[in-house]
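Q: Hi! I have a protein chain open on my screen and I'd like to get to know it. Can we walk through it together?

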Amino acid sequence: MPLIVFPTSQLLWVRVAALLFTCVAFSVAAHGALLPHGGMADWCIFCWAFSFACTLLILLVEQFGLQARAPVSWSNFPITVACYGALLCLSASIIFPVFFLKDSPRHGDVRDHRITSTVFSCLATVAYMWEVSLSKARPGEVAGYMATAPGLMKVCQTFVACLIFILVSDPVSYNQHAALKWCMAVYCICFILSMAVVVLCVGECTGCLPIPFSKFLSAYGLLAVIMYLTATIIWPVFQFDKQYRVGYRDSRNLIAVSVLTALNFLLYLADLAYTARLVFVSV
């Protein structure tokens, strides 16, 4: 009787662990955590369920040897999913206990379910970070762009921009001055371009650009650094200076946006430095 033998590797078991951890996290939360509908509860469930579904897809494709038939670049897609999974689960691991564990009853099944989801969310975060560490490109190794430091930073840039969008939209905190609208334009333009790079790499469409991909990355990186530098300066000035402040607003979201803006500026600056090194030093 023929036997089906599945090849095993450290990367395979890390993905299986991430699959199980995310499955337990959202299953337990949906079953007995008594979460409210909408808001941060739905975000956490989405983080776990999306990561679970994408990891399951990757495992099935690789175990059945369908990489060549997949309509994406298999040297870029799995590590992109792992990086997004790490960031999503990390955000859920922070948000879930802050919103749903801190003020829950000290005893009972509901609290136990919420603690369990939090623990397995943290384990999933570690598993995805481990997968990224195993999959990223090593010095001198030929790998997809998303496996390099600039590629991984593109994922982080888009994720940080999504967090900024959430914070500035509820309540809307960018329509008081034209300068704040410029900051919002910076967030949107840089997010769209970074996401376009991710999609082009995963979809193996970088050759469709009218200019060489390396030159596009250098020009876009320089533009993004300049734009984010202006937003890093303008946002806190027009939000916290008494001369420009309009009415009362929750300062916690505004401070968080200032910090995330500065973080993305540093990511774009490091991205530009890495890209310049790859383009000019290797030539």
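What follows is a chat about this predicted model, from the overall fold to single residues.

Q: Let's start simple. How many helices and strands are there in the chain?
A: The chain has eight helices and zero strands. Reading from the N terminus on, the elements run α-α-α-α-α-α-α-α.

Q: And how much of the chain is buried?
A: Buried residues make up 44% of the 283 residues.

Q: What about the accessible surface, how much is there?
A: The accessible surface of the chain comes to about 15,100 Å². Carbon and sulfur atoms account for 71% of that surface.

Q: What share of the contacts is between residues 24 or more positions apart?
A: If you take the contacts with a separation of 6 or more, 77% of them are between residues 24 or more positions apart.

Q: Where does Gly-203 lie?
A: Gly-203 lies in the loop between helix 6 (178-202) and helix 7. Gly-203 is partly exposed, because its relative accessible area is 28%, and that value falls between the 20% and 50% cut-offs.

Q: New topic: Glu-131. Is it buried or exposed?
A: Glu-131 is buried, since its relative accessible area is 2% and the cut-off for buried is under 20%. You'll find Glu-131 in helix 4 (residues 109-135).

Q: What does the side chain of Glu-131 join up with?
A: A polar contact of 2.9 Å links the side chain of Glu-131 to that of Arg-15.

Q: Which other residues does Glu-131 touch?
A: Leaving out residues up to four places away in sequence, Glu-131 touches Leu-11, Val-14, Pro-78 and Ala-82 as well as Arg-15.

Q: Which helix gives the most to the nonpolar patch?
A: Helix 3 (residues 77-101) does, with four residues. Ile-94 is found in helix 3, and Ile-94 counts as exposed because its relative accessible area is 52%, with the cut-off at over 50%.

Q: Now the rings! How many aromatic pairs does the structure hold?
A: The structure holds 15 aromatic pairs. In one of them, the rings of Phe-96 and Phe-100 have their centres 5.4 Å apart and their planes at 50 degrees, so this pair is tilted.

Q: Where do Phe-96 and Phe-100 lie?
A: Both lie in helix 3, four residues apart, which is about one turn of the helix. Phe-96 and Phe-100 are both buried.

Q: And Phe-216 and Tyr-220, why do they count as stacked?
A: The planes of the Phe-216 and Tyr-220 rings are at 20 degrees and their centres are 6.1 Å apart. Planes under 30 degrees apart count as stacked, so that is the label here. Because Phe-216 and Tyr-220 are four residues apart in helix 7 (residues 213-240), about one helical turn separates them. Phe-216 is buried, and Tyr-220 is too.

Note on methods
Residues numbered from 1 in each chain as written. Predicted model: local features only at pLDDT ≥ 70, side-chain atom pairs only at ≥ 80, totals over all residues. Heavy atoms only, no water. Helix = DSSP H or I, 4+ residues; strand = E, 2+ residues; numbered from the N terminus. Buried < 20%, exposed > 50% of the residue type's maximum accessible area, 1.4 Å probe, protein only. Polar contact = N/O pair within 3.5 Å; in protein donor to acceptor, adjacent residues only side chain to side chain. Contact = heavy atoms within 4.5 Å. Areas by Shrake-Rupley, 256 points an atom, 1.4 Å probe, with all protein chains shown as cover. Phe/Tyr/Trp six-rings, centres within 6.5 Å; stacked < 30°, edge-to-face > 60°.
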